[in-house]
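Visitor: I would like to learn how to read a structure like this one. Please take me through it feature by feature.

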Amino acid sequence: MAKRRLNRQQKWRIEKIQGERAARASRRDRDIDRQLQAGELGDEQSGLIIAHFGKQIDVEALEGEHRGEVIRCHVRANLGSLVTGDRVIWRPGSNDLGVIVAQQERDNLLQRPDKFGQLKPVAANIDQIILVIAPEPEPHDNLIDRYLVAAENCDIRPVLLLNKTDLINDTNRASVAALLDRYARLGYQIEQTSAHRAPEDDHTIDNLLKTRTSVFVGQSGVGKSSIIRRLLGDESIRIGAVSESTGKGVHTTTTARLFHLDCGGNLIDSPGIREFGLWHMGVEHLEYGFREIRPLIGTCRFRNCRHQAEPGCALLEAEEKGEISPERMQSFRRIYTEIENSDW
């Protein structure tokens, strides 16, 4: 994704908005300090961020008398960007509002760029990224590899889920099988399911999500939204944020929200997460994101090797030995060229 250049008026507007936000944050911090000095805040306790609503954050209490309840909280300005999935320390306050006073260490962080190409945190502490593919639209190594590279660099375990298995036929059966085998040989977990199977007859997804915090990603048309709707049931219809400033309900939100599932797992979902992909990676991220290429980093004869046709290229030698498949190598080269020609 190319970075967008800002003109003088846009820069002034951004600075103005940032200044106004800083002023509001300062006022909130002064109010929090007043509550602290007056002894109006309860004891510190751990919590889990469920969702963002403008200037406030929903936190699920993980201990104490409020355990299991979702508390709307203010956040101290010095904590930086908190996201859904973050584990925090919060204190109960007055007017049924709490205050987040500290952020606990993250296991990982999922990020995506805003419209100006700047990275924006989306969700944290994710156990697995479930990459949904289907026989139709036809899955391609290049697109799959983009998701896998991003997942590997976020240190989040990726799982490939073949959906719509009822669409496998004599025409595509061999190509789908070859593709799945290619990734299975690299150590990736492969699962298969179909929306046409009754939920009581297919526990593939429930077993995959159980005890874990997951996100679903994949290209349009593979059925990930249908899977999510089935998992959430009426919850996906019922959830609606209420704007703090207007009091009016909104029908959709681009911020991530965490759902507790009946199967015992957690799902973090938002439109931005579902289209998560390779937006901001450099060549070093690309090399690291290919599992079979990662051990070869830095072993080429020339330090600036582009892995095209240079003598002494460790990747070309590995491909000749069959240690890197031609499909994966072609995919790697294509993404490498795109990164070189982009403003990432």
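Visitor: With which side chain does the side chain of H260 make a polar contact at 2.5 Å?

Guide: A polar contact is a pair of N or O atoms within 3.5 Å; within protein, one must be able to donate a hydrogen and the other to accept it, and residues adjacent in sequence count only if both atoms are side-chain atoms. Here the partner of the H260 side chain is the side chain of E60. The H260 side chain also makes a polar contact with the side chain of N266, at 2.6 Å. This is a predicted model: local features need pLDDT of at least 70, side-chain atom pairs count only at pLDDT 80 or more, and totals for chains, interfaces and linings use all residues. Residues are numbered from 1 along each chain as its sequence is written, and side-chain values use heavy atoms, with hydrogens and water left out.

Visitor: Where does H260 lie, and is it buried, partly exposed or exposed?

Guide: Helices (H or I, at least four residues) and strands (E, at least two) are DSSP runs, numbered from the N terminus. H260 lies in strand 12, residues 257–260. Buried means under 20% relative accessible area, exposed over 50%, partly exposed in between (1.4 Å probe, protein chains only). H260 has 47% relative accessibility, so it counts as partly exposed.

Visitor: Which residues does H260 contact, leaving aside neighbours within four places in sequence?

Guide: Contact means heavy atoms within 4.5 Å. For H260 the list is L48, I50, E60, G265 and N266.

Visitor: Which residues touch the most other members of the largest nonpolar core?

Guide: In soluble globular proteins, nonpolar side chains tend to be buried together. A nonpolar core is a set of buried Ala, Val, Leu, Ile, Met, Phe, Trp, Tyr and Cys residues joined through side-chain atoms within 4.5 Å. The largest one here has 28 residues, and L131, I133, I144, L160, I268 and I273 touch the most other members. Strand 1 (45–53) and helix 2 (141–153) are among the elements that each supply at least two residues of this core. Another core, of 20 residues, lies apart from it and includes C300.

Visitor: What does UniProt list under "binding site"?

Guide: UniProt positions are given in the numbering used here, feature names are shortened, and annotations may be inferred rather than shown by experiment. The unreviewed UniProt entry lists C300, C305, H307 and C313. C313 lies in the loop between helix 8 and helix 9. At 1% relative accessibility, C313 counts as buried. Beyond four places in sequence, C313 touches C300, C305 and H307.
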